[in-house]
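Look at the structure, then read the points below it.

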Amino acid sequence: MEAPLYLEPRLEPRLASLLRAAGFLHTLAGGLGSPLNVVLPDQIAENLARFRAVYRRHRLSGEVFFAHKANRSSALVRRLAVTGAGAGMDVASLGELQHALGAGFTPRQIMATGPKSPEFLWLAARCGAAVNVDGCGELDDLAALVRRYGLPRVRVLLRLASFASPGVRLLTRQSRFGTPVGELDALLKAVERHRDAVDFRGVGYHLDTTSLAEKAVALEGCVLVMNECRSRGLEPRVIDVGGGFGVNYLADGGQWDRYTTELTQAVMGRREALTWRRHGYGLRYEAGTLRGGLGLYPAHRPVAAERYLDALLSHPAPSLGRTLAAALLESLYDLCTEPGRALVDQCGLTLARVLEVRRAEAGEWMVRLEANADDIGLEEHGVLMDPVVVERARTREPTTDGEAVGVYLAGNLCLESDLITRRMVFLPRLPRPGDLLGFANTAGYCMDFSADQAQHQPLARKVAVWQDEGAWRWSLDDQYWPVTQGEGNHED
Ligand SMILES: Cc1ncc(COP(=O)(O)O)c(C=O)c1O
């Protein structure tokens, strides 16, 4: 075999220590089944503190709203609720709003975003959460609800889109959400018309891009809009820069570069295949020409999470001639952020038991897991990252030897397409039935966003784990409350 092309996960100390606790993980999966989702609530508090430190460094006030959609866990949300000032919840459905309230967040700490049903809008207004409004229609609906049910004025932010920077030839990408800045006037007229029902707090955006330059244009665009609002006699104070701070999934940038280079070579037929049936992850080789583009998450991203926020705030405003943080600070605007993926970085692990190891028709190693592609959404989200083999302790045949091997990971559905990885995954040695594969860092969208019960396969259970005087303790996710966490089950 050619040299293995590893894509090793970046593991911070807490998650690394958990993955070393093989006996504990096997006890959990033995009792609760495979797949099993494991969340680390203490890590979300640490991640929040890192975001807060960036606010402090730039002397900015405002809240960090966790975009709940990234993970359904109760433990993570409850842990965040006890962190104190500066944390809030970005909820994007009626269920998420109910969940945030039930976890202990006060309505003042909650912002309703995304597409909204009448029930969701009503409950947000009834309890006093802020509403991040998509456009004039939603604002009209909200105002009508407030009047019909005699509710207090609702705090609103306006989600904007399609920013263009004056003098700079850069447009932000189009989104089907939010109101184009070009239609601002009509939106502000609606705000003025509904003054009795809504309390206009600010404007914002959420852009699905990794580009700092595009986000700088949007953030400066918001500052300019805020100034315009003030000249109309409105008094907004908050700018919401949404989420999309990203995660650095991989430990080694060199591995990522080598892998993507070799993948391209493989698509062009210049080396042995690296993917199942020459899947190209968006690349095609047609008539001697490489076409398409790699549709993958940039898994090695050194400037991600709070570092990305820091870089954005330190970025020059495209036309104002000072940093974006300075532009916010001089007008005393509060900064809101809505990190989802980044706030649950290193907060979760998905375990799957190896059921079978065999050679496929063409000789490739196939490892069948007790989980399917919807349980482990890394591929679905374009994140290529190796699992960690958590060996089952064996009294006979210890396996400290073995050599690196390339395998395909197949799921437990009776579907040709149920591959957990369409790429060959290199492992330090061949796993054996009964071992667990630990997929690290799945808490952001890759754990429970798409999981279902196809073929009556069980949904993964979820447990919260934490360290207590050197021992790992656990409870079912929905049994976890930070105030009683000392009472979990444990293995010394
Ligand atoms: C409005 C809004 N805010 C925040 C987020 C969270 O984004 P991320 O998980 O990339 O930080 C999303 C994601 O879709 C979103 O739509």
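Val 133 has Leu 158 in strand S6 (residues 154-161) as its bridge partner. The chain crosses from S5 through helix H7 (residues 136-148) to S6, and this β-α-β crossover is right-handed. The model is predicted: local features need pLDDT of at least 70, side-chain atom pairs count only at pLDDT 80 or more, and totals for chains, interfaces and linings use all residues. Residues are numbered from 1 along each chain as its sequence is written, and side-chain values use heavy atoms, with hydrogens and water left out.

**Terms**
- Helices (H or I, at least four residues) and strands (E, at least two) are DSSP runs, numbered from the N terminus.
- Two strands pair if DSSP finds at least two bridges between them.
- Right-handed means that, with the strands pointing away from the viewer, the path from the first strand over the helix to the second runs clockwise.

**Strands around S5**
- S5 and S6 are parallel and pair over three bridges.
- Strand S4 (residues 110-112) also runs parallel to S5, joined by two bridges.
- Ala 112 has Val 131 of S5 as its bridge partner.
- S4, helix H6 (residues 118-127) and S5 form a right-handed β-α-β unit.

**Faces of S5**
- In a regular strand the side chains alternate between the two faces of the sheet.
- In S5 (residues 130-133), Ala 130 and Asn 132 on one side and Val 131 and Val 133 on the other are all buried (under 20% relative accessible area, 1.4 Å probe, protein chains only).

**After helix H9**
- H9 is followed by Gly 233, whose phi is positive, near 90 degrees.

Technical notes. Buried means under 20% relative accessible area, exposed over 50%, partly exposed in between (1.4 Å probe, protein chains only).
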